[in-house]
Amino acid sequence: MNTNDNYFPYPLISKNTDDYNQKKFEIDTTHQTEIKKWVFQNKVLLEDEALRKLIQEKAAKYLIRIESIPLGLKEGFESFLDEFEYEIKLKDVSKRVRVSSYIVANKDLKLSSTNFHSDYAGQTFNLEKGEILGESEKFSFIPEDDSDDIKDIGSIIKIEISPDKEVGPISVGIESENIIIFLS
């Protein structure tokens, strides 16, 4: 989903447009790594009261879209709250992860605001469910995993020369963290 290259026949609150006269829509995201997952905490800054009212009435919602293309992950998280969290599993992501944040119509609605740019002043727009009303700045990251079960542990089998020449052609030792095959 890339709104930067699209034309919208209605106002879109975004850092890339002046449709709402410098009013802001931003989502501040922080995260913490837990065992086998990331937990993302989000705080929304939305300065337009008309959009805020649509979200409170559940006519619109915040939508977070997560993409990790190498593993085919495309997942969405929705909220009506100004502070919310979501999580993704470490095994579901690889290489670059892209996070996009939107305000999306949750049902057919009429969009109007006193903050519209003068080009749209006094107008009301009929929008359908699923249409994008706002876009926050996108970010991406490269996941780093410090859990033991995903790291490359190398081989668990080692082959060594047998210190005891009278045992036979082969013996096996399992006293260490590796399986040791002793060859004569």
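Modeller: Two strands pair if DSSP finds at least two bridges between them. Strands themselves are DSSP runs of type E with at least two residues, numbered from the N terminus. This is a predicted model, in which local features need pLDDT of at least 70 and side-chain atom pairs count only at pLDDT 80 or more, while totals for chains, interfaces and linings use all residues. Residues are numbered from 1 along each chain as its sequence is written, and side-chain values use heavy atoms, with hydrogens and water left out.

Start with E2 and strand E3, which covers residues 37-46: the two run antiparallel and are joined by 10 bridges. Strands of a sheet pair through backbone hydrogen bonds, either parallel or antiparallel.

The sheet as a whole is open and has 3 strands in the order E2-E3-E6, with antiparallel pairing. Strand E2 (25-34) and strand E6 (83-89) are the edge strands, each pairing on one side only. On average, neighbouring strands of this sheet are turned by 25° against each other, direction ignored. For this angle, axes are lines fitted to C-alpha atoms, and angles run from 0 to 180 degrees between N-to-C directions.

Next come the charged side chains. A salt bridge is a side-chain nitrogen of Lys or Arg within 4 Å of a carboxyl oxygen of Asp or Glu. By this rule the count comes to 8 salt bridges. One of them links Glu34 and Lys37, with the closest N and O atoms 3.8 Å apart. Glu34, Lys37 and Glu87 are linked in a network of salt bridges.

How open are these residues to the surroundings? Buried means under 20% relative accessible area, exposed means over 50%, and partly exposed lies in between (1.4 Å probe, protein chains only). Glu34 counts as partly exposed because its relative accessibility is 32%. Lys37 is also partly exposed, with a relative accessible area of 23%.

Lys138 is partly exposed at 31% relative accessibility, whereas Glu135 has 4% and so counts as buried.

E2 also takes part in the largest pocket, where it supplies the largest share of the lining, 5 residues. A pocket is found on a 1 Å grid over the protein atoms alone: it is an open set of points with protein on both sides within 12 Å along at least five of seven lines, and lining residues have an atom within 4 Å of a point. Its volume is the space filled by probe spheres set on the points, with grid points joined across faces, edges and corners. For the largest pocket, this space is about 250 Å³. Of the 15 residues that line the largest pocket, Lys15, Lys24, Phe25, Glu26 and Glu137 are the closest to its centre. By class, the lining of the largest pocket has 3 nonpolar, 5 polar and 7 charged residues. Here Ala, Val, Leu, Ile, Met, Phe, Trp, Tyr, Cys and Pro count as nonpolar, Asp, Glu, Lys and Arg as charged, and the others, Gly among them, as polar.

Key:
Helices (H or I, at least four residues) and strands (E, at least two) are DSSP runs, numbered from the N terminus. On a 1 Å grid over the protein atoms alone, a cavity is a set of points where a 1.4 Å probe fits but cannot get out, and a pocket is an open set with protein on both sides within 12 Å along at least five of seven lines; lining residues have an atom within 4 Å of a point.
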